[in-house]
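These are my notebook entries on one chain, written down in the order in which I looked things up.

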Amino acid sequence: MTSSTNLILLLILVLFQHAHGLNFVVTGGTGRVGQRVVEKLLLENPSNSVTVLTTNPNATSILAPNPKLTIKPYDSNSLIECQPCTLIHCSNDVDLLPEFTATFPKTKPKWFRRLSSSPPPSIVLLSSAGVTRPSWSKKRTQSLSGAADIPIVRLNPGDILNTKFKAEERLRKSGVTYSIVRPVGLKDTWPSGRPILSQSDTAVGRVNLEDLASVLIASASAPDAAYKTFEVQTLTGYPPPNDLTKPLKGLVKDGRRPRDEGYQLLQQLLPGEEQDATKLEMGRSYEEVDSGKVKAREAGAEPTEREKAMARSVEQRAPQ
Ligand SMILES: *[C@@H]1O[C@H](CO)[C@@H](O)[C@H](O)[C@H]1NC(C)=O
């Protein structure tokens, strides 16, 4: 097949799936994060179907009944019955993850690999910021002490960080399309805001639970999240972006050399919701572009007559 035929097939597949909703499996669906993921998935697209795999006997009273919600035992047979699906693994238990992984198609077909973009993840793993820090060199630990000398890393209860890191590694090697999300401290009372994504495992701070759920869900359908591992924290007082495409695109795939992380982070601190300064014409504000009050500038476009006139008036006002 030619690559244009492939693209058309992919597009048809994507449109078909969107209209019909997607099939999600959520583990840990009765937990703090999982519950929010389930609620959002059902709210976001009423055609989505969600299966929660859980060991919690009270699951039916914890989760609000919904015709699109199924609750099944936490084991790999339950997952097999749900295939094809996307798994959002919010459970703290990572022992069953290899069994879960084995239920997904392993190798990407050749024609898929020839496409420039990756398929969206089959599995999104909720991991934790700090999982690499116990194995940092002494030098790195000392020079980045603000990230290493913190309670969770110092105490590492039950060796949780290494356990999660090993689970991440197994998932990376599994051949399944994945995305690994590493939140900083979860805090129920931390207000919602803008999720900030980073990749050096040096993030410290707080994340809002709703924002984290949104990031997990966005990653589950974003080709730009595939084969990537990233930290997430919430910057309060900033509006969330319209969508996470740009920050996800700015991340590098695992095993690749990181891009200029300072630039990637600063781009996420732009005002407004579009978060793209190239869309501004001179004298226009981020908010005007967001609201559609003014037309967004095309990337790389020549200055318009209006912009030139504006620049001239600034020139004339400038002190000599
Ligand atoms: C389930 O609910 C019962 C009764 O409220 C409670 O005693 C028990 O601890 C709950 N179990 C779990 C796993 O939450």
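I began with the contacts along the chain of this predicted model, and I noted that, among contacts with a separation of 6 or more, 69% are between residues 24 or more positions apart. I then looked up the overall make-up, and found 15 helices and 10 strands in the chain, with 34% of its 320 residues buried.

Next I turned to a pair of helices. I had read that two packed helices are described by the angle between their axes and the distance between the axes. For helix H2 (residues 32-44) and helix H11 (residues 209-220), I found that the axes come within 9 Å and cross at roughly 60 degrees, and H2 and H11 are therefore oblique to each other. I also recorded that the crossing of H2 past H11 is right-handed. When I looked up which residues meet there, the H2 side included Val 33, Val 37 and Leu 41, while the H11 side included Leu 212, Leu 216 and Ile 217. The residues of this contact between H2 and H11 divide into eight nonpolar, five charged and one polar.

My last entry concerns strand S5 (residues 123-126), where I asked which residues cover its two faces. I found Ile 123 and Leu 125 on one side of S5 and Val 124 and Leu 126 on the other, all of them buried. Strand S4 (residues 86-89) pairs with S5 in the parallel sense over three bridges, and Ile 88 has Val 124 in S5 as its bridge partner. Strand S6 (residues 178-183) also runs parallel to S5, joined to S5 by four bridges, and here I noted that Leu 125 stands opposite Ile 180 in S6.

Terms used
Residues are numbered from 1 along each chain as its sequence is written. This is a predicted model: local features need pLDDT of at least 70, side-chain atom pairs count only at pLDDT 80 or more; totals for chains, interfaces and linings use all residues. A residue is buried if 20 or more other C-beta atoms lie within 10 Å of its own, exposed if 12 or fewer, and partly exposed in between; C-beta atoms are placed from the backbone. Two residues are in contact if their C-beta atoms, placed from the backbone, lie within 7 Å. Axes are lines fitted to C-alpha atoms, for helices over the stretch in contact, and angles run from 0 to 180 degrees between N-to-C directions. Angles under 35 degrees count as roughly parallel, over 145 as roughly antiparallel, 65 to 115 as roughly perpendicular and the rest as oblique. A crossing is left-handed if the near helix is turned anticlockwise from the far one by less than a right angle, and right-handed if clockwise. Ala, Val, Leu, Ile, Met, Phe, Trp, Tyr, Cys and Pro count as nonpolar, Asp, Glu, Lys and Arg as charged, and the others, Gly among them, as polar. Two strands pair if DSSP finds at least two bridges between them.
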